[in-house]
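Please look over the structure below before reading on.

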Amino acid sequence: MLFGNGDGTFEAAQNYSPCSIAVGDLNGDGIPDLVQANRGDGTISVLLNIFNQTVTALFSSKNPSASHEEVTFTARVTSGSGAQIGSVEFKSDRDRLGVVPLIDGEAAISISALSAASHIVTARYLGTTRMLKSSAELTQVVTP
């Protein structure tokens, strides 16, 4: 079985030897889980499809900043289940700045194209097959 990371990649293969598999919502969370009858020993295994809540925080290296001055936006994604994987999409107002992979739970993007105004900057963690999406935003004030 290959568990997906939600970004087109997979975790390391896990080997199971079931003689039959059934799908159903076993823990009442609305997400399908797996039950397998194990070959030869008369036991069953339950594989819960558990999604973990995430929290995204967004930081600016300089706020306010000057027009066309380089600013680095850093998103930090945390959850109760340890290190995060996946990517963060950054936007300024409605313009997509880029998608950056998480490294040790953080993703950062540097830009210098912001004109003088107040900009709503958003960092959206795209989630994985086991981690729920989350987002954060801040107002970046850019002076002339």
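## A cis bond in a loop

P64 sits in the loop between β4 (55-60) and β5 (65-66). The model is a predicted one. In it, the peptide bond from N63 to P64 is cis, and its omega is near 10°.

## T143 and its contacts

T143 is part of strand β11. Apart from residues up to four places away in sequence, T143 touches P64, S65, A66, S67 and A116.

T143 has a relative accessible area of 34%, so it counts as partly exposed. Between T143 and S92 there are 51 residues in sequence and 16 Å in space, taken from C-alpha to C-alpha.

## Two aspartates with positive phi

D93 is found in the loop between β7 and β8 (95-101). Its phi is positive, at about 55°, although D93 is not a glycine. D93 is partly exposed because its relative accessible area is 36%.

D104 lies in the loop between β8 and β9. D104 is not a glycine either, yet has a positive phi of about 50°. With a relative accessible area of 76%, D104 is exposed.

## The largest nonpolar core

The largest nonpolar core has 20 residues, and L58, F73, V88 and F90 touch the most other members. Two or more residues each come from β6 (71-78), β7 (87-92), β9 (106-111), β10 (117-125) and β11 (134-143). Strand β6 gives the largest share, four residues.

Conventions. Residues numbered from 1 in each chain as written. Predicted model: local features only at pLDDT ≥ 70, side-chain atom pairs only at ≥ 80, totals over all residues. Heavy atoms only, no water. Core = buried A, V, L, I, M, F, W, Y, C linked by side-chain atoms within 4.5 Å. Buried < 20%, exposed > 50% of the residue type's maximum accessible area, 1.4 Å probe, protein only. Contact = heavy atoms within 4.5 Å.
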